[in-house]
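Here are my notes on this model. Please read them with the structure open beside you.

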Amino acid sequence: MMSSILIVEDDITFSTMLRTWLIKKGFKVNSASTVAAAVKTLLDNDGVDMVLSDLRLPDHDGLFLLEWMQKRGFSIPFVVMTNYAEVQNAVQAMKSGASDYIAKPVHPDVLLQKIKDALKASGSDTGKVSVEVKPADSTSVKSSAKEKKFLDGTGTASRRLYDYVALVAPTPMSVLILGSSGTGKEHVAHRIHDCSRRTGRPFVAIDCGAVPRDMAASEFFGHVKGAFTGAISDKRGAFVEADGGTLFLDEVGNLSYDVQVQMLRALQEHRIRPVGADYEVEVDFRLICATNENLAEAVDNGTFREDLYHRINEFTIRMPDLKERGSDLFLFADFFLEQANRELERNILGFDAKASELMAKYSWPGNLRELRNVVKRAVLVSTADRIRPEDLNIQITSSTLSVRPLYDEESELSHIREALSTAGGNKSKAARLLGIDRKTLYNKLDKYGINH
């Protein structure tokens, strides 16, 4: 049985195109250009399975419609469409109970996946009016946010990342996570562990860059009493601590050559010898490593063993930079805002339009770690109910202008439109945002039939 979608959009041309496309994809579609018309459709037709609504509408905004639906007991998915610069409003809609959001210009494949996910999450009984459903209140939203320590994101790059996590987590394969500092490599390692058969067992994390070279063997493999000066008792190393679970080695490129040799044997034999011991210990562990270095280049330079590199690199995951994660930037910013409000006992409501625009243009070289710190400071110093540009303490220069790379044809058109929108139609700025030259941009505009 085909699912029924109600489109609420006052741009008639866009609404018609979207309706035609969804019908071709096998959906039954109604459309409305105002909240009043949407309300009438919902009351007259009890077979609507999902609402796809713009936030800006002539008579009310999309949040008004969402609140009305909640009060009337409509327990069906509500997906918000909004311009990139107004994603913060979509985040607010999700706090109020919306299922998901998608930034305009809408990428068809991304929208289709979000629709499928929302319908699947709602179950087979969607589209009917339940007896009574209480609207989401801010208390319950804040309570759930308080329990959540991490946020995954919903954009294309985030979904691709966690698809790989879901693929490799159930296997025993060693994983190498590559990415810039501050992108959340340890969080992804945790997710792999939590989604594996080893969940509930130890997760031991070691920062290889922080381990003194002369103590590395002891830290990893342990030692026995009297093995060296200062060894006043036996010590269990990280491999033994992680027995049955997962060992995460961050900045693995910092390992000395001697420790690399010992680690290779531990990986091959699953046995380790504590420093000073005349016996070996059998260990069962899953290894996940991370680095922001080019290990392949280190192998070529002779500073990292090639055989160890292949052992730890059975499956590679590349962490996207924050500037590559599109509108997820605002999801993360809002998430960090809530954390800072709790920690600092403030009540900042969000970011004003100019602050959001500044954040969208900034390249965030420190990635999620920098965003968290910037937001926390802004929450502390803000004297208004919303964070303003001066609270952020960031400046746009040629080196910090956000570049949004073109991955493939599937997402290229969406990124081009997003860049043009962010650049206010300025082709030179848009080209810089995309990391291409102006001539290449014009060729791509011709390719997609975009007037220039």
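Is the crossing of α2 and α3 left-handed or right-handed? The points below take this up along with the rest.

1. Ground rules. This is a predicted model, where local features need pLDDT of at least 70, side-chain atom pairs count only at pLDDT 80 or more, and totals for chains, interfaces and linings use all residues. Residues are numbered from 1 along each chain as its sequence is written, and side-chain values use heavy atoms, leaving out hydrogens and water.

2. The chain overall. The protein chain has 20 helices and 14 strands. These are DSSP runs numbered from the N terminus: helices are H or I with at least four residues, strands are E with at least two. Of the 452 residues, 48% are buried (under 20% relative accessible area; exposed is over 50%, partly exposed in between; 1.4 Å probe, protein chains only). Take the contacts (heavy atoms within 4.5 Å) with a separation of 6 or more: 72% of them join residues 24 or more positions apart.

3. The helix pair. Two packed helices are described by the angle between their axes and the distance between the axes. Helix α2 covers residues 35–44 and helix α3 covers residues 62–72. Their axes come within 10 Å and cross at roughly 25 degrees. That makes α2 roughly parallel to α3 (angles under 35 degrees; over 145 is roughly antiparallel, 65 to 115 roughly perpendicular, the rest oblique). The crossing is right-handed: the near helix is turned clockwise from the far one by less than a right angle.

4. Who meets whom. From α2 come V35, A38, V39, L42 and L43. They meet F64, L65, W68, M69 and R72 in α3. The residues of this contact divide into 9 nonpolar, no polar and 1 charged. Here Ala, Val, Leu, Ile, Met, Phe, Trp, Tyr, Cys and Pro count as nonpolar, Asp, Glu, Lys and Arg as charged, and the others, Gly among them, as polar.

5. V35, A38, V39, T41 and L42 are buried. Seen down the axis of α2, the buried residues fall within an arc of 165 degrees, so they line one face of the helix. The arc uses directions from the helix axis to the C-beta atoms. Their cover includes β1 (4–8), β2 (28–32), β3 (50–54) and α3. The face turned away from the buried side carries exposed K40 and D44.

6. A loop residue. N313 sits in the loop between α13 (306–312) and β12 (315–318). N313 is buried, with a relative accessible area of 18%. Leaving aside residues up to four places away in sequence, N313 touches S174 and L176. N313 and I288 are 25 residues apart in sequence and 9.0 Å apart in space, C-alpha to C-alpha.

Key:
Axes fitted to C-alpha atoms, helices over the stretch in contact; angles between N-to-C directions.
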